[in-house]
Amino acid sequence: MSQDFYKKILDNNKKWVESQLALDPDYFKDLSKGQQPPLLWIGCSDSRVPANEIIGAKPGEVFVHRNIANMVVHTDMNMLSVLDYAVNVLKVKHILVCGHYGCGGIKASMGNQSIGIIDNWIRHIKDVYRMHEEYLNAIVDEEERFNRFVEINVQEQVFDLAKTSIVQAAWRNGQDLTLHGWVYGLNSGYVTDLDVNLTSNVDLDEVYRLKL
Ligand SMILES: [Zn+2]
């Protein structure tokens, strides 16, 4: 990060505060009272997929968790903590997994190059590839295969969310909670709704359905 850029972001913050206060002198005072976002966003860390901006959400409207390739890994305490807080304390109504075309994490998972410690994270994505290997390997066009895998990975992460004890307990308790999967187009700005809208565990394979 150049010094110029560093100075610019500090200045930007001051300008942003001033512009918000010009619109509403109580803006920060009101925000500091608490949050009640209706949505938990699970997205990729990619700098080109900023959660709030692409859905026009204001501060206070979206609770955010991001990691490489928008993964729901069941031993990830960070993700589980965010999910638990979002569902059980904030009582979000929607959880959205948003992947994106051109995802570097997905691309890396489809190859064999070692990158470092991240290989161990990317292995979780490879596990998803293996589940759909026959379908994906049959797609001759590389770009097409990449795009389909981005979509399939999002769908699998939505199902992985549904498999968590946190989400299944919320459904068992009658909580209004819907899971969704989207893919964002880096070169268009538009999202595609993959139409995986889960509101109960009935769509899960029997072995994943918890008796709570
Ligand atoms: Zn990505």
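Domain bounds here come from an automatic or database domain assignment. On that basis, the protein chain splits into domain 1 (1–33) and domain 2 (36–208). Their centres, taken over C-alpha atoms, lie 30 Å apart. The model is predicted: local features need pLDDT of at least 70, side-chain atom pairs count only at pLDDT 80 or more, and totals for chains, interfaces and linings use all residues. Residues are numbered from 1 along each chain as its sequence is written, and side-chain values use heavy atoms, with hydrogens and water left out.

**Annotated site**
- An unreviewed UniProt entry annotates C44, D46, H100 and C103 as "binding site".
- These residues spread over 60 residues of sequence, yet they cluster in space, with a largest C-alpha distance of 9.0 Å.
- UniProt positions follow the numbering used here, feature names are shortened, and annotations may be inferred rather than shown by experiment.

**D46**
- D46 sits in the loop between strand 1 (39–44) and helix 3 (51–54).
- Helices (H or I, at least four residues) and strands (E, at least two) are DSSP runs, numbered from the N terminus.
- D46 counts as buried because its relative accessibility is 14%.
- Buried means under 20% relative accessible area, exposed over 50%, and partly exposed in between (1.4 Å probe, protein chains only).
- Not counting residues up to four places away in sequence, D46 touches R66 and H100.
- Contact means heavy atoms within 4.5 Å.

**H100**
- H100 belongs to strand 3 (residues 94–100).
- At 1% relative accessibility, H100 is also buried.
- Beyond its neighbours within four places in sequence, H100 contacts C44, D46, R48, V49, N70, V150, V183, Y184 and L186.
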